[in-house]
Amino acid sequence: MDRTLYLNENRGLRVFRDGPSIWVKEEGRSGRRIPARLVGRVVIIGNLKLEAGVITLFTDKDIPVTFMSHRGDAVAVAIPYNHQLPRHYEEQKVFLEAEENIERFKGWLYAKRKEAQINVVKRLSKRVAGLFVVNGFREKDYRRIVDLLKPSKDECWKVAYEVVSNLFREMVIGCIVKADIDPHLGVLHRRHNFSLALDMCHILEPEIEMQSIQFLRAAREKGYMVREQSGWSISRDGIRDIIHRFENRRKQLFDTVEKLLDEIFELMRELRR
């Protein structure tokens, strides 16, 4: 599993291309050379001086680059350009060829989402999870649990959720691109940009919400949420906290995404028989 390169806004930080590597220079510190071959994904947060060649260096190697603000706004996603369709595009269209295929995909998606919800509830409270084993588990039951744990400030929740969600989406897009299927050909979010990535993130949403809850608990004690003229945003230390938590779980999350992609390929084969 390749590493993710995070470039967080910092005054005096400059990033430029140096052959097959990038050079990261920060005022008062020695520069660092990072070979592109060691990087699997790139996330750029906030404003920093970035040479355009850095972006093309990564996209030429099928490495997506995500840009976002400290408020969680996904400003842009740069992905490799290829005038040819992904290798499995024709096979992938089977999901939209008939209503029964659409419903089959949605049924699979909802079942995997419920698995993720139960897993998160178990990590939050085994006692509560045990109640659902007896009485059944519904979407509204899960939503009630999350609503109890969310902070009272909806804007703080939205900002934290969007930042965490962007990290998940970036990882998912990277896996989809490497699998050579179309990230824009989804079912639940049909006709949206990156619709397949959004479909997969819908499955992973319970994990996104859990990490958002964990961050906001820490943010209350350490002052990671900052009130600005434009509203709430996350401090540089807060961004580090989110990244650290995400990276601690990334191996497990990456394996989950790869298994979901394997199941998507298996479902494509079944529907084309």
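Let's start with a helix pair: α7 and α8 pack with their axes 10 Å apart and at an angle of about 155°. That makes the two helices, α7 and α8, roughly antiparallel; the word covers angles over 145 degrees, with under 35 counted as roughly parallel, 65 to 115 as roughly perpendicular and the rest as oblique. Axes here are lines fitted to C-alpha atoms, for helices over the stretch in contact, and angles run from 0 to 180 degrees between N-to-C directions. Helices (H or I, at least four residues) and strands (E, at least two) are DSSP runs numbered from the N terminus.

Before going on, keep in mind that this is a predicted model, where local features need pLDDT of at least 70, side-chain atom pairs count only at pLDDT 80 or more, and totals for chains, interfaces and linings use all residues. Residues are numbered from 1 along each chain as its sequence is written, and side-chain values use heavy atoms, with hydrogens and water left out.

Back to the helices. Among the α7 residues that meet α8 are Leu196, Met200, Ile203 and Phe215, and on the α8 side the partners include Ile242, Phe246, Leu261 and Ile264. Contact means heavy atoms within 4.5 Å.

### The largest core

The largest nonpolar core has 59 residues, and Phe95, Phe105, Met200, Phe215, Met225, Leu261 and Ile264 touch the most other members. Such a core is a set of buried Ala, Val, Leu, Ile, Met, Phe, Trp, Tyr and Cys residues joined through side-chain atoms within 4.5 Å. The elements giving two or more residues to this core are β5 (39-45), α3 (99-124), α6 (154-178), α7 (195-222), β10 (231-234) and α8 (236-271). The largest share, 15 residues, comes from α6. There is also a second, separate core of 18 residues, which includes Ile22, Val42, Leu57 and Val65.

Met200 sits in helix α7. Leaving aside neighbours within four places in sequence, Met200 is in contact with Val172, Ile176, Val257, Leu260, Leu261 and Ile264. On the same terms, Ile264 is in contact with Phe95, Phe105, Trp108, Leu196 and Met200. The C-alpha atoms of Met200 and Met225 are separated by 28 Å, with the two residues 25 apart along the chain.

### Aromatic pairs

The whole structure holds 5 aromatic pairs. Rings of Phe, Tyr and Trp (its six-membered ring) pair if their centres lie within 6.5 Å; planes under 30 degrees apart count as stacked, over 60 as edge-to-face and the rest as tilted. Phe215 and Tyr224 have ring centres 5.9 Å apart and planes at 5°, so this pair is stacked. Ring pairs also link Phe95, Phe105 and Trp108 into a cluster.

### Buried or partly exposed

Buried means under 20% relative accessible area, exposed over 50%, and partly exposed in between (1.4 Å probe, protein chains only).

| Residue | Relative accessible area | State |
|---|---|---|
| Phe215 | 0% | buried |
| Met200 | 1% | buried |
| Ser21 | 7% | buried |
| Tyr224 | 11% | buried |
| Asp180 | 28% | partly exposed |
| Asp62 | 39% | partly exposed |

Ser21 lies in strand β3 (residues 21-25). Setting aside neighbours within four places in sequence, Ser21 is in contact with Arg33, Ile34, Pro35, Ala36 and Leu57.

Asp180 is found in the loop between α6 and α7, and its phi is near 65°, a positive value in a residue other than glycine. Asp62 is in the loop between α1 (52-59) and β7 (65-68), with a phi near 60°, a positive value in a residue other than glycine.
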